[in-house]
Amino acid sequence: MAKKLNDLSALGAFAYSTNEDVYFDNGEDQTETLPNNKQQLEAVFSNKGRGGKTVTIIRGFVGTDDDLKALGKILKNKCGVGGSIKDGEIIIQGNHRDKIMEILTKDGYKVKRVGG
């Protein structure tokens, strides 16, 4: 037997409008990617929470997820290692902070060495 609906809140996030100027936030990332020379990136060396494995983390990228993934792919290819993109951070396996900083600086990014 189907569940009886007592009010519209049981339908979830449902909205309808005939107004053409109404904007609905659909939860997608609307951030535009800043130009390389406006980016303020941080290069961090870390081994905490990774079973003693060392990684280089790039933080502070402002832009779309696709552009972040593309930058991560470039860095992984140029360093010849694996890595991932999680929570707006690029994680590169191993201690490649100096090499990554050099690559990013050549591409016009402002990179700051953080920690150690």
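Leaving out residues up to four places away in sequence, Q39 touches T33, L34, G60, F61, V62, Y109 and K110, where a contact means heavy atoms within 4.5 Å. Q39 sits in the segment before β1 (40-46), and with a relative accessible area of 1% it is buried; buried means under 20% relative accessible area, exposed over 50%, and partly exposed in between, using a 1.4 Å probe and protein chains only.

The model shown here is predicted, so local features need pLDDT of at least 70 and side-chain atom pairs count only at pLDDT 80 or more, while totals for chains, interfaces and linings use all residues. Residues are numbered from 1 along each chain as its sequence is written, and side-chain values use heavy atoms, with hydrogens and water left out.

From the N terminus on, the elements of the chain follow the order β-β-α-β-β-α-β, which comes to two helices and five strands; helices (H or I, at least four residues) and strands (E, at least two) are DSSP runs, numbered from the N terminus. Of the 116 residues of the chain, 23% count as buried, and among the contacts with a separation of 6 or more, 49% are made by residues 24 or more positions apart.

What lies inside? In soluble globular proteins, nonpolar side chains tend to be buried together. A nonpolar core is a set of buried Ala, Val, Leu, Ile, Met, Phe, Trp, Tyr and Cys residues joined through side-chain atoms within 4.5 Å. The largest such core has 16 residues, of which I58, L71, L75, I90, I100, L104 and Y109 touch the most other members, and β1, α1 (65-79), β4 (89-93) and α2 (97-106) each supply at least two of its residues. Y109 is also a partner of Q39, and beyond its neighbours within four places in sequence Y109 is in contact with N36, Q39, L41, F61, L71 and L104.

R113 pairs with D98 at 2.5 Å between the closest N and O atoms; R113 lies in strand β5 (residues 110-114) and D98 in helix α2, so the pair ties together parts that are 15 residues apart in sequence. K106 and E102, whose closest N and O atoms are 3.6 Å apart, are four residues apart in helix α2 and therefore separated by about one helical turn.

Terms used: Salt bridge = Lys/Arg side-chain N within 4 Å of Asp/Glu carboxyl O.
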